[in-house]
Every structure is written in C-alpha cells, then in structure tokens.
Amino acid sequence: MRAAFTLLCWFFVMSGFTQSDKQLLSEPSLNLGYKLSSEYKLNVGLSSRQLFREKEGFDGNVSGYEYLHSDVSADLSRDVGLNNKIQVGYLLRQTEDGRIHRLRQRFTIVRNHNALRLSHRFGTEQTFSFNEDTEYRARYRIAPEIALAGLVVDPEEFYLKATNEFVVARQGNDSDIEIRVSPNVGYLFTSGLKLESGVTYRFDEFLDTNGRHRLFFGLSGYYNF
Amino acid sequence: MTFGKHILSVFIILLVSVSNTLGQQKVEREYKLDEAEVPLKARNQIDVFELESKFKWYKERGIDETTIEAKGCSAVGFISIEFTEAGDLIDAELDVKMDVIPDEIWQNISGFLDESYLKWTIRKIQLQYQGNTSQIHTQLISTTPFQPNEPYYEIVLKARNEDGVELYELLFDAEGQFLKQSTIIFGPIDNLQF
C-alpha cells in the first residue's frame, strides 16, 4: 500500500511540473475461466475504460470525465509443462468512433518459490482498426505474487501482486515504447474466485514527444467455473 | 456507454454473490503463526537445536489433523520441524542435494520413478527423521546424515504421465522403497496470465 501511495503522490507531483500529458483513468475488468479439458481452458474477459481527468502539457487544457471504450475478449490457452500456458486470443474494442479488433498470442511461465509466485509473460499482438494502419506490439511482463499468510494463498487470505511490463509498438512509420508498473492487493474468496485492486502507472509516447503519463485505478475479478 | 454500465452491473452482482460462496473451503490450509501463538512445549524444543536463523512458524490444517511447523536454516541446511498441536515432536525434514543419497537407495528410488512416469525431474529432496528431540538434534549435528538414524526420503518432483504434467510429493522408506504419493495442487494462475 505504501508503494501505491508513493506512486500516486509522485504522479501528482509530476502532473504539476512537467510538459507531459497526464491522464487519470479507471479500468475495471472481469475475467471468467472455463476448463474445456485437462489441458485446454477458455477465458472470457470484460473491461471498460473511463477518463476522469486529463491535462495537456504544463498549462494546457484540463478536461473532465469521458467514457473511452469497452473490451470483450476470448482466449484459448493450453497447458505446456507445469504451470506454463500458451494462449491465442481475440479482443473486440468498442469505442465512440467504431470497433477495433486485436489478435494476441501469449506465453506465460509461472514458478513457485516458497511464498512467492513469479510469472513471466511474453506476448505479441496485431491490432486492426477501420481507418488506421495495423499496429504490431511485442510485450514482456514480470509479475511477482506474495502470499500474506503462510506459504501459499489460501481462500479468505490476502496477497500482494506487482507487475512491471514493457510494450514495444510499431504502426506505419511510427514506433513507441510503453512502460507499466502496477502494485495490487488481492483477496482470494474461494479457490475459484479472487478480486484484485490497485493502481497502474503507464508512461509512453516519450520517443518523439514529452511523453504521456497515465494513472489507472483498477478493480479486477477472476472467476473459474 | 450502455455497455460500460453493463460491465459495472456484472461487478456488483459478483460482489453480492461473494457472500454466498464463502462456505466452500479447501481441505488443507496453512497459516503463518506469531511465536506467541506457538505451544510453549514446541518452542522449548526448538531452542535445543541452537539454529543459525530465526524460525518461522506455521499451522497446517489437514483433513484429520492440525500440525505446527517450524521452518528455518541450520548449519546443515534448511530444516522443517513438525509438531502436534500439543507441541509434541512428529518429525524433522532436512533439505539436501540429490548426490547425498547413497547409490543403492537412489537406484531403488529412480527405478520406481522410471516405472511410474514417462518423464520426471526432481524439484526437492528432504531427509525425514523421526524420534525425540534429543535424537533428532544429535542427528542434525552428526557428521553423516545416515548415522545414527536412517532417514526416510521425501521427494518433490515434476513428472509427466498419460494425463499430463503434475507436481508430486513422494515418500520412500530408509531402503528407498515407495510408501506413498500425493499430488500438489496449485491455485489458478489467471491473475498472472491476464
């Protein structure tokens, strides 16, 4: 929690003194999993993004609430070895201006080290929209998860999860790099249901401009049937 | 906009339904214990070992029994000492490398693994000692892990059979003969995958 508070303070300090664009957003999400067989699993995701405040540059315009988009996704994953998953998925994004389609491929490795679970996620994505070039992205995320009671997270127990992700994007002649950091607190209600809450800081568009700082407030639910 | 509101509705339903699902519980659970919560009898026995690091205490609740475990580092490696709820010693387990196991015993163990699985990899080996505090203490400061007591062997391994890959915990006796096997179950990793 201290890390989240520090991140929040740092974001507001940055908001006042830099030329960068700043945004404050929320993105709740829900992920539903259904085991198709001993190896295959289907996950359906729902999420929605809202913009609460935006400031352009040091003394630029300040705007208020705006609904941005909603996502629906479906991913098919297959177990590869112990706690490793390979997955392919499709995401549909509905914006005010139209629909965006995204194909994604991911490989996730999870290792257990006593009370720590450490995951490495590698991914590629192709995003198609009605009037723009196809965007290609490659990403890597490292995410440690620590049980706050005992060596494993049991039902009715809290845990901490942090993620750090790097995203490289190419669209037409433009390239971009995005860095994401996200501390979260999670609670496991039953073996199949968990909720996580936290903040995600994203920094991008710094290759050609002063950059864009975004802070997301998130609430994520995971349920397995 | 409407779609976003629908997602919010799903969240509210999820949160409300949580109270109905709290009754389902996993059979085996583990809790971290403060030292003050540990039975005095168990704490006194730990002092005998005069170990290098401070112990961490856990309570493990299973189907038939609840045990207290102390985990920590000793001069001979990482050890785990298990007690009953009343504080009576059950056994002690010492983490070791594979090459510590005598060849003839290892042949029995590996022969069993070759017959049982298509492919296997050792993740952890523990020597398991039973006896009273004094016997186990003597054992841990002994120059050899096989005298005066012969240990059992508890092995955690990743193995593949016809149903896929699993993590197993197996127990072998002092001769390397198989005694029992249990499958280690992991919770879903959805939150690390998405």
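# Cores, pairs and the interface in a predicted model

Me: Which residues of the largest nonpolar core touch the most other members?

Reply: A nonpolar core is a set of buried Ala, Val, Leu, Ile, Met, Phe, Trp, Tyr and Cys residues joined through side-chain atoms within 4.5 Å, where buried means under 20% relative accessible area, exposed over 50% and partly exposed in between, with a 1.4 Å probe and protein chains only. In the predicted model, the largest core holds 35 residues, and those that touch the most other members are B:Ile46, B:Trp57, B:Ile81, B:Phe83, B:Ile109, B:Tyr153 and B:Leu157.

Me: At which pLDDT do side-chain atom pairs count in this predicted model?

Reply: Residues are numbered from 1 along each chain as its sequence is written, chains are lettered from A and ligands numbered from 1 in the order in which they are written, and side-chain values use heavy atoms, with hydrogens and water left out. Totals for chains, interfaces and linings use all residues, whereas local features need pLDDT of at least 70 and side-chain atom pairs count only at pLDDT 80 or more.

Me: Which residues does B:Phe83 touch, not counting residues up to four places away in sequence?

Reply: Contact means heavy atoms within 4.5 Å, and B:Phe83 belongs to the core members named above. With residues up to four places away in sequence left out, B:Phe83 touches B:Ala42, B:Gln45, B:Ile46, B:Trp57, B:Thr67, B:Ile68, B:Ala70, B:Asp88, B:Leu89 and B:Ile90.

Me: Which residues does the second, separate core include?

Reply: Nonpolar side chains tend to be buried together in soluble globular proteins. Apart from the core in which B:Phe83 sits, there is a second one of five residues, and among them are A:Leu24, A:Val199, A:Phe203 and A:Leu215.

Me: How many aromatic pairs does the structure hold over all chains?

Reply: Rings of Phe, Tyr and Trp (its six-membered ring) pair if their centres lie within 6.5 Å, and planes under 30 degrees apart count as stacked, over 60 as edge-to-face and the rest as tilted. Counted over all chains, the number of aromatic pairs is 13.

Me: What is the angle between the planes of B:Trp106 and B:Trp120?

Reply: The rings of B:Trp106 and B:Trp120 lie 6.2 Å apart, centre to centre. Their pair is edge-to-face, the angle between the planes being 70°.

Me: How many residues apart in sequence are the parts that B:Trp106 and B:Trp120 tie together?

Reply: Helices (H or I, at least four residues) and strands (E, at least two) are DSSP runs, numbered from the N terminus. B:Trp106 is in helix H3 (residues 103–116) of chain B and B:Trp120 is in strand S6 (residues 119–130) of chain B, so the parts tied together by this pair stand apart in sequence by 14 residues.

Me: Why is the pair of B:Phe112 and B:Phe178 called stacked?

Reply: The ring centres of B:Phe112 and B:Phe178 are 4.3 Å apart. The pair is stacked because the planes of the two rings stand at 10°.

Me: How many salt bridges does the rule find across the interface of chain A and chain B?

Reply: A salt bridge is a side-chain nitrogen of Lys or Arg within 4 Å of a carboxyl oxygen of Asp or Glu, and the count over all chains comes to 24. B:Asp190 and A:Lys41 form such a bridge, with their closest N and O atoms 3.1 Å apart, and the pair crosses from helix H5 (residues 190–193) of chain B to strand S3 (residues 40–55) of chain A. B:Asp190 and A:Lys41 are both buried. Across the interface of chain A and chain B, the number of salt bridges is one.

Me: About how much area do chain A and chain B bury between them?

Reply: At this interface, 56 residues of chain A are in contact with 36 residues of chain B. Buried area is the accessible area (1.4 Å probe) that two parts lose on being put together, summed over both. Carbon and sulfur atoms hold 63% of it, and the area buried between the chains is about 4,000 Å².

Me: Is A:Glu205 buried or partly exposed?

Reply: A:Glu205 sits in the loop between strand S12 (193–204) and strand S13 (212–224) of chain A, and has a positive phi of about 55° although it is not a glycine. A:Glu205 also forms a salt bridge with A:Arg212, the closest N and O atoms being 3.5 Å apart. With a relative accessibility of 33%, A:Glu205 counts as partly exposed.
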